[in-house]
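Terms are defined where they come up.

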Amino acid sequence: MTADTVRWGVLATGGIAAAFTADLIDLPDAEVVAVASRSQESAKAFAERFGIPRAYGDWNALAQDEDIDVVYVATPHTAHRTAAGLCLAAGRNVLCEKPFTLNVREAEELVALAREHGRFLMEAMWMYCNPLVRRLKSLVDDGAIGEVRSVQADFGLAGPFPPSHRLRNPALGGGALLDLGVYPVSFAQLLLGEPSDVAARAVLSEEGVDLQTGALLSWEGGALGSVHCSIVGGTATSASVTGAHGRIDIPNGFFFPDRFVLHRDGRDPEEFTADPADGPRNSLRHEAAEVMRALRAGETESPLVPLDGTLAVMRTLDAIRNQVGVRYPDETGEPELTPA
């Protein structure tokens, strides 16, 4: 790594890997130097598509490449523990896609590995790095709507997805909660921290994954959170934060908003809009920029996406899955199933 350029490796060649790589290429201080896949052909095709100099047909070769400053792990989440762990053990810094792992036990293992080796590790929760979401959090933290009383957020896709689709496949960690529900849960915990209690219900598929899930989160201070996710119905992807003296509404796309509206008691509504200079609303550049800022500062985790916060979200997801009865074949041992 130099003062001018951070060298990236990309582990996996799917859709999210392609989207992230395209955004990386647009950053003047980022260079993608290698890509890896389980297939040499897939890695080579991806490298040719994006002009990446090195293509590896196995993950370990990428992990051992000392010319790489940080690896972006974009595998299906069932492989996050293995892929990210391989890179951390080899001394690489890691940005790992969400959900961070299948369960909190795996997440704790990765965090412990990163801290043991003194490596940077961050969940790719791009929502937390979004400038407009950061502005919303700042307003809430500064008391713009008073003490938070409730948070609502939803994320649903219409589908239909066949049983063969990854979202229906238990072997790939399928279901609405881990793929989509991680966003509403993370949004609520961004503003209120880890809940003290979780009550959840779900509709399960024949394969045993959740088709839609709803959860009521509660905090000791009296706040409530209502979160919903679905792969059988398209939702507004809206969110609302209600405080003692006002409310903030995100009409749609709460995890990458183009605007939100602040309602304060006794005042006219105020609309906050995304700055066009920040790029397209679906840009992943902000999380990449945060990783590079942290690496240059010598930090091993990001204050925007702290590891303790990631672990707290995983505990909530585990608690929800425990209540609705979703268990994956790749899980071994006993993950923590209740919030701390």
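A salt bridge is a side-chain nitrogen of Lys or Arg within 4 Å of a carboxyl oxygen of Asp or Glu. By that criterion the side chains of Asp249 and Arg247 form a salt bridge, at 2.9 Å from N to O. The model is predicted, so local features need pLDDT of at least 70 and side-chain atom pairs count only at pLDDT 80 or more, while totals for chains, interfaces and linings use all residues. Residues are numbered from 1 along each chain as its sequence is written, and side-chain values use heavy atoms, with hydrogens and water left out.

**Salt bridges**

- The whole structure contains 21 salt bridges.
- One of them joins the side chains of Arg315 and Glu194, at 2.8 Å from N to O. This pair connects distant parts of the chain, 121 residues apart: Arg315 is in helix H10 (residues 307-324), and Glu194 is in the loop between helix H8 (176-192) and strand E8 (197-204). Helices (H or I, at least four residues) and strands (E, at least two) are DSSP runs, numbered from the N terminus.
- Arg315 is buried at 16% relative accessible area, whereas Glu194 is partly exposed at 23%. Buried means under 20% relative accessible area, exposed over 50%, and partly exposed in between, with a 1.4 Å probe and protein chains only.
- Arg247, the partner of Asp249, is partly exposed at 32%.
- Arg264 and Glu270 meet through their side chains at 2.7 Å, N to O. Arg264 is partly exposed at 22%, and Glu270 is partly exposed at 25%.
- Shared partners link Arg7, Arg54, Asp65, Asp67 and Asp69 into one network of salt bridges.

**Glu97**

- Glu97 sits in the loop between strand E5 (93-96) and helix H5 (104-117), and is buried, with a relative accessible area of 4%.
- Its side chain makes a polar contact of 2.5 Å with that of Lys98. A polar contact is a pair of N or O atoms within 3.5 Å; within protein, one must be able to donate a hydrogen and the other to accept it, and residues adjacent in sequence count only if both atoms are side-chain atoms.
- Beyond neighbours within four places in sequence, Glu97 is in contact (heavy atoms within 4.5 Å) with residues including Ile16, Tyr72, His80 and Glu287.

**Six-stranded sheet**

- Six strands form an open sheet with parallel pairing, in the order E3-E2-E1-E4-E5-E6. Two strands pair if DSSP finds at least two bridges between them.
- Strand E3 (54-56) and strand E6 (121-123) are the edge strands, each pairing on one side only.
- Strand E1 (residues 6-11) and strand E2 (residues 30-36) run parallel and are joined by six bridges; Val6 has Ala30 as its bridge partner in E2.

**Eight-stranded sheet**

- Eight strands form an open sheet with mixed pairing, in the order E8-E9-E10-E7-E11-E12-E13-E14.
- E8 and strand E14 (270-273) each have a single partner strand, so one side of each lacks a neighbour in the sheet.
- Strand E11 (residues 239-243) and strand E12 (residues 246-250) run antiparallel, joined by five bridges. Within this pair, Thr242 stands opposite Arg247 in E12.
- H10 packs on the sheet, touching E8 and strand E9 (210-218), and its direction makes about 55 degrees with that of E8. Axes are lines fitted to C-alpha atoms, for helices over the stretch in contact, and angles run from 0 to 180 degrees between N-to-C directions.
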